[in-house]
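User: I should like to go through the reasoning behind several descriptions of a structure. Please set each value against the criterion on which it rests.

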Amino acid sequence: MPVVTPSLVFIILAAGTVAGGLGATLGIGGGIFLVPFLALGMGMPIGAAAAISLTTVIGTSSSVSAGRSGSRLINYRLGMVLEVATAAGSLLGGITAQYMNQHALEQIFAMVTAAVGITTLSRLNKRNIVVGDTLDCGALGGRFEDGESGGVVSYRVKRVPLALCASFIAGNVSSLLGIGGGVIKVPVLNAWCGVPLRAAAATSAFMIGVTAAAGSIIYYGNGQLIPALAAAAVLGVQAGSTVGLRVGARASARSLKLLLALVLFAVSALMFYRSLQ
Amino acid sequence: MSRPGYDQAREERIEERLGTVLRLGVRASSVALGLGLLLSLTLGNGALSTGLMTVGLVMLMATPVARVAVSVFEYGAQRDWTFFMLTVIVLLELCAGIVAALLFHTRL
C-alpha cells in the first residue's frame, strides 16, 4: 500500500481531473485511464487502484445522471432490468478479485482494453439510425428529444437476454478492474439491442453507480480503499468531467473515436508489458 | 390487468425523484470529502479529517443504494409490481455486497 503524502494527493487530484476530462470528452468513464495511471505510473497494487477508481465511477454516475434530469435520455425501466444482472456480476467480481492473481488481472485488463479499441475502430464510420416518432415502444423502449434529428424519437429494445448477458459481464469486469463497464454495455446496447447511442450511454452511466457501489463496498470492507487518495480522485474526476462534457459535445465524433482507440491500445500494451514482469 | 409500457408522466416522476436523491448524495459527499482533504493537507492527518473523508466515502457509496431504495418505494406506490420486484432484487444484491464486505472485514 502506498504512503499518503501531500504530493501524492496532488498528483492523484491532477490525474483524476485529466482522467475525468478525457473520459467525459470521449463519452466513457475516467476509470479506464485512472486505473493504469495508478497501477503503472504510481506502482500501486491493482486492487488499491481499482478501489479508488470505483469510487470515482459512483461520483461520475450520480452527478451525470442527476444533471440529465428532464432530458429523458436515461431509460429507467431498461436500467432497472439490466441492473439485476450488472449488480450480480459486480458482486461476483468483487469477491473473486480478492482471490485472483495480480498478473492475471493485468492481463484481463490488457485484453479488455484491446477488445474495446478494436470495437471502436470497427464502428468508426457507423452512425446510429433512429426510428420514427409514433412507434409503440413496447415494455422497455423509450422516447426522447433528439437534437440531431430535430424532434422526438422512439425506440424499442430488442434482444433483452443479450443485454442482460452483456450487463452481467460488464458488472464482473467492472469490479475486477475498477472501471464502470460502460465500454462493454454501450456498444452492445447500441449495435444489437436497438438502443440509440445517446440513450445507451445515458442509461449505462445511470447504471454504473449501482455496479460500482456493489464492487467498491467489498474493496472498502477489505481495507483496500485509501480514504485520502479516493477523496482526491473523486474530486478531481468531478471537476474534470464537468469540463470534458462541454468539450465532448463540440468535438467531431470520428476524431474522438480515433483518439479513444489509440489511447486504449497504448494502455493495453503497457498493462500487458507489466503483467510479464 | 394489462400493464402499460412507456408512460411519460410516470417516467418524469421517477426521473425527478431519483435525480434529487443523486444530486443530494453527490453534493453532501463532495463537501465532506473536500473539507476532510483540505483539513488533512493543512493540519495533517487527524481524527476529524479522516472521519470527514470516511463519512464522505460512505455517503458516496450509499447514494446508489438510496437511489435503488427510492425506486422500490416509487414502483410500489405506482403498483407496478414487476418493477417493484426487480428493484427489490437489486437492493438485495447490494445488501449481499455489504454482507460480503463485512465478512472480508472480520477476516483481516
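User: In what order do the elements of chain B run from the N terminus on?

Analyst: This is a predicted model. From the N terminus on, the order in chain B is α-α-α. The chain has three helices and zero strands.

User: What is the radius of gyration of chain B, and what would a compact globule of 108 residues have?

Analyst: Chain B has a radius of gyration of 18 Å, whereas a compact globule of 108 residues would have one near 13 Å. Along the principal axes, the C-alpha atoms of chain B fill a box of roughly 60 × 35 × 15 Å. Buried residues account for 35% of the 108 residues in this chain. Of the contacts in chain B between residues at least 6 apart in sequence, 50% join residues at least 24 apart.

User: How many residues of chain B are in contact with chain A, and on what criterion?

Analyst: Two residues are in contact if their C-beta atoms, placed from the backbone, lie within 7 Å. On that criterion, 46 residues of chain B are in contact with 48 residues of chain A. The elements giving two or more residues to this side of chain B are helix H1 (8-43), helix H2 (47-77) and helix H3 (81-107) of chain B. The largest share, 16 residues, comes from H1(B). By class, the side of chain B that touches chain A has 26 nonpolar, 15 polar and five charged residues.

User: How do you know that the length of helix H3 (residues 46-67) of chain A agrees with its number of residues?

Analyst: At 1.5 Å a residue, the 22 residues of this helix should span 32 Å; the end C-alpha atoms are 31 Å apart, which agrees. H3(A) is also mostly covered, with 21 of its 22 residues buried.

User: Why is helix H7 (residues 182-192) of chain A called largely enclosed?

Analyst: A residue is buried if 20 or more other C-beta atoms lie within 10 Å of its own. Eight of the 11 residues of H7(A) are buried, so this helix is largely enclosed by the rest of the structure. Among the buried residues are A:Val183, A:Ile184, A:Lys185 and A:Asn190.

User: What covers the buried residues of H7(A), and what follows the helix?

Analyst: The cover includes helix H2 (31-41), helix H5 (102-122), helix H6 (160-177) and helix H8 (197-221) of chain A. H7(A) is followed by A:Gly194, whose phi is positive, near 80°.

Definitions and conventions
Residues numbered from 1 in each chain as written. Chains lettered and ligands numbered in written order. Predicted model: local features only at pLDDT ≥ 70, side-chain atom pairs only at ≥ 80, totals over all residues. Helix = DSSP H or I, 4+ residues; strand = E, 2+ residues; numbered from the N terminus. Nonpolar A, V, L, I, M, F, W, Y, C, P; charged D, E, K, R; others polar. Expected span 1.5 Å × (residues − 1). Buried ≥ 20, exposed ≤ 12 C-beta atoms within 10 Å, placed from the backbone. Rg over C-alpha atoms; globule rule 2.2 N^0.38 Å.
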